[in-house]
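Open the model in your viewer and keep the selection tool at hand. The stops below say what to select next and what is there.

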Amino acid sequence: MSSIEDKLNEDYKWGFETQIELEEFPKGLNEKIVTLISKKKEEPEWLLEYRLKAFRHWKTMTHPTWQYSKVPPIDFEDLYYYSKPKSQGDKPKSLDDLDPELLATFEKLGIPLSEQKRISGVAVDVVFDSVSLGTTWKEDLEKVGVVFCSISEAVQTHPELVKQYLGKVVPYTDNYYAALNAAVFSDGSFVYIPKGVTCPMDLSTYFRINAKETGQFERTLIIADEGSYVNYLEGCTAPQRDENQLHAATVEIITLDNAQVKYSTVQNWYAGDKDGKGGIFNFVTKRGLCSGINSKISWTQVEAGSAITWKYPSCILKGDNSEGAFYSVALTNNKMQADTGTKMIHIGKNTKSTIISKGISADDSENVYRGEVKIMPSATNARNYSQCDSMLVGDKCSANTFPYIDVKNNTATVEHEASTSKISADQLFYLHSRGIDNEKAISLIVNGFCKDVFKTLPLEFSVEAVKLIEMKLENSVG
Amino acid sequence: MMLEVNNVTASVEETTILNKINIKVNAGEVHAIMGPNGSGKSTLSKVIAGHPDYEVTEGDVKFAINGKMTDIEELEPDERAKEGIFLGFQYPIEIPGVTNITFMHEAFNALCEHQGAEIMNEKDFREYVKSKLPLLHMNENFLDRAVNEGFSGGEKKKNEILQMLLLNPRLALLDETDSGLDIDALKTVANGVNTLKSKHNAIVLVTHYQRLLDYIKPDFVHVLYNGKIIKSGDKSLALELEKKGYDWLIEDHK
């Protein structure tokens, strides 16, 4: 039998579940669970204190209501906050000693981990539910002084760096989910690029949620010391389930003088079925601090999954002449809701920011761009250019743009352009009349629309992104 | 026989535009469809190309596929194109962000694949396209601009003819290819169309004015009015129309 539904379900080929024995903490959220997570990881006292403070603060907060999306109430007592494969034991192992079931899982996801098969030119940290399973190419990176490991490991091996920077860009008081993350984060990646080093390969983290009713709260911290450079990539998938699952991550980036970080994401969490059943709630706080002069941070994201996304990768441009960029393609179909955008806070002189956002909405979905450009009094000669384009596929979806501009220095130049278009029947017919089939025609139009963003992605990522967008739209047009 | 339009009635949103049209086109022939504005000329070419907005409510369109006259009702527009039907648009459509060369390359390779021929790589394709440019007085920089975006009227029409030459269709339907062209551009475009002419290809020109026909000699001229063919003849009919206008023909059909 091959109904349309089967076809639709087939489309999320990452939706399988790995059958594996788990070690979980009991459901629910309280100081005991927070303490248990910290003890499990043998964390220093200051970190436990930090978690508890964050937890107590979170308790005083209420769930945000400013967003455009309709979010069903989340029962935080009915979630697991810590879940990991039992075979992992308490100490990290070498990747070659991983449970074969886990190796097979990542191989199936296109991330071979064993020494012989691993992808050359990219180091990968794999996070499975609440823990990092390991990091490839670690020794090679250590030779040039680059630290790339799980954040739990960094707490043990580089406590001074973690203590100095954790929570400095995204304080736990920042927002509801940042507070929650600070209290219960279980793992994530840590990157330190030493002075003057251009990281010899791309670094990437692959996030996989597998366990049921489990929240994933990862924490990533990237520190680029003076004059260093790194290209960082992030990918994510989850099994297909009827229940919603929560993913609330925090990512912090710090660039010192003359350093540059490029951060790219292809987000493909399970988005629920065509009736909106199931899917991941992706509530993420990502922020970079260009703390040094001439430093640069760019965020590129392709958001193609999740039932609901709230995500605003932002830059605080503190160092003079520093630059921030945000390039985004957000695709929603079926009943997905995405509320995404960026904040560019100009503090230093001659700071520059670029925002290019392309939203594509299909079926019954809602796609919102929300952005803020803030020019502080100190930011003499600051410049911003924003372009927000929306494309509608069909007539039941919606696209909204909420740009906020706040200029407190009259030497600033701020430009904003916005457009909304439809994949028109005329465009499709024109391409069809040249022998180009419907699928190819849509992909040409969408690729043309997203070109300015795709070209900022590393090649292999952009190929993946293009395929992903094509696949998602296949059933929505025509 | 190449194309047979048999008793075709077609409508858009329940308004009848074509009323029992009959046309037969053989390989090697050039036909001109003429008529005043709103007579249904453009609709006829769109119906043959398979535009989804038009519904054929009566009659059928047959096209020679593998030497056999085949009803093409069930063929999608892209399938018709791959069988060798080309529609030159009166108002070519813009596709932002997609370069002309990428677009043409996709179309060309889709055709190759359909014909079981080997697809052409990017480099060879560019050389192939470049070889066609001088004929149309086009610059190479056309290839790297977004499809029809910011093109002048004349550039758009030349671009249509370029695509036609690359795809080498058996049947070219050219919808008002002459509109908005100055005399030099008209000659260039006509020259391009004439290179397609052979005993294997047929051309159907949809035009309001006869001046195009000075450069592309039609074998048959059909006058369309109110969705009906009210007169057919040879080239001399077009000249007569130029002299006398359409009114003397229309009188009897009002």
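## Stop 1

The model is a predicted one.

Next, show the two helices as axes. The axes of α9(A) and α10(A) come within 9 Å and cross at roughly 120 degrees. An angle from 65 to 115 degrees would count as roughly perpendicular and one over 145 as roughly antiparallel; α9(A) and α10(A) are therefore oblique to each other. Their crossing is right-handed.

## Stop 2: where chain A touches chain B

Keep the two helices selected and bring chain B into view. Here 16 residues of chain A are in contact with 21 residues of chain B. On the side of chain A that touches chain B, the elements giving two or more residues are α9 (425-432) and α10 (438-454) of chain A. Which of them gives the most? That is α10(A), with six residues. The side of chain A that touches chain B divides by class into six nonpolar, five polar and five charged residues.

## Stop 3: the nonpolar core

Now select A:Val191 and B:Leu205. These are the residues with the most contacts inside the largest nonpolar core, which has 211 residues. The helix from the previous stops returns here: α10(A) supplies the largest share of this core, nine residues.

Centre the view on B:Leu205. Leaving aside neighbours within four places in sequence, B:Leu205 is in contact with B:Val30, B:Ala32, B:Ile33, B:Leu174, B:Leu212, B:Ile216 and B:Pro218.

## Stop 4: B:Asp178

From B:Leu205, go to B:Asp178: the two are 27 residues apart in sequence and 9.5 Å apart in space, C-alpha to C-alpha. B:Asp178 sits in the loop between β9 (171-175) and α6 (183-196) of chain B. Is B:Asp178 buried or exposed? B:Asp178 has 24 other C-beta atoms within 10 Å and is therefore buried, the cut-off being 20 or more.

## Stop 5: two helices of chain B

Select helix α3 (residues 100-115) and helix α5 (residues 153-167) of chain B; their axes come within 10 Å and cross at roughly 30 degrees. α3(B) and α5(B) are therefore roughly parallel to each other. The crossing of α3(B) and α5(B) is right-handed.

For the contact, select B:Asn100, B:Met104, B:Ala107, B:Phe108 and B:Leu111 on α3(B), and B:Asn159, B:Gln163, B:Leu166 and B:Leu167 on α5(B). By class, six of these residues are nonpolar, three are polar and none is charged.

## Stop 6

Most residues other than glycine have a negative phi. The last two selections have positive values.

- A:Asn381 has a phi near 60 degrees. A:Asn381 lies in the loop between β20 (366-375) and β21 (383-393) of chain A, and counts as partly exposed, with 16 C-beta neighbours inside 10 Å.
- B:Asn7 has a phi near 55 degrees. B:Asn7 lies in strand β1 (residues 3-12) of chain B, and counts as exposed, with 11 C-beta neighbours inside 10 Å.

Key. Residues are numbered from 1 along each chain as its sequence is written. Chains are lettered from A and ligands numbered from 1 in the order in which they are written. This is a predicted model: local features need pLDDT of at least 70, side-chain atom pairs count only at pLDDT 80 or more; totals for chains, interfaces and linings use all residues. Axes are lines fitted to C-alpha atoms, for helices over the stretch in contact, and angles run from 0 to 180 degrees between N-to-C directions. Helices (H or I, at least four residues) and strands (E, at least two) are DSSP runs, numbered from the N terminus. Angles under 35 degrees count as roughly parallel, over 145 as roughly antiparallel, 65 to 115 as roughly perpendicular and the rest as oblique. A crossing is left-handed if the near helix is turned anticlockwise from the far one by less than a right angle, and right-handed if clockwise. Two residues are in contact if their C-beta atoms, placed from the backbone, lie within 7 Å. Ala, Val, Leu, Ile, Met, Phe, Trp, Tyr, Cys and Pro count as nonpolar, Asp, Glu, Lys and Arg as charged, and the others, Gly among them, as polar. A nonpolar core is a set of buried Ala, Val, Leu, Ile, Met, Phe, Trp, Tyr and Cys residues joined through C-beta atoms within 7 Å. A residue is buried if 20 or more other C-beta atoms lie within 10 Å of its own, exposed if 12 or fewer, and partly exposed in between; C-beta atoms are placed from the backbone.
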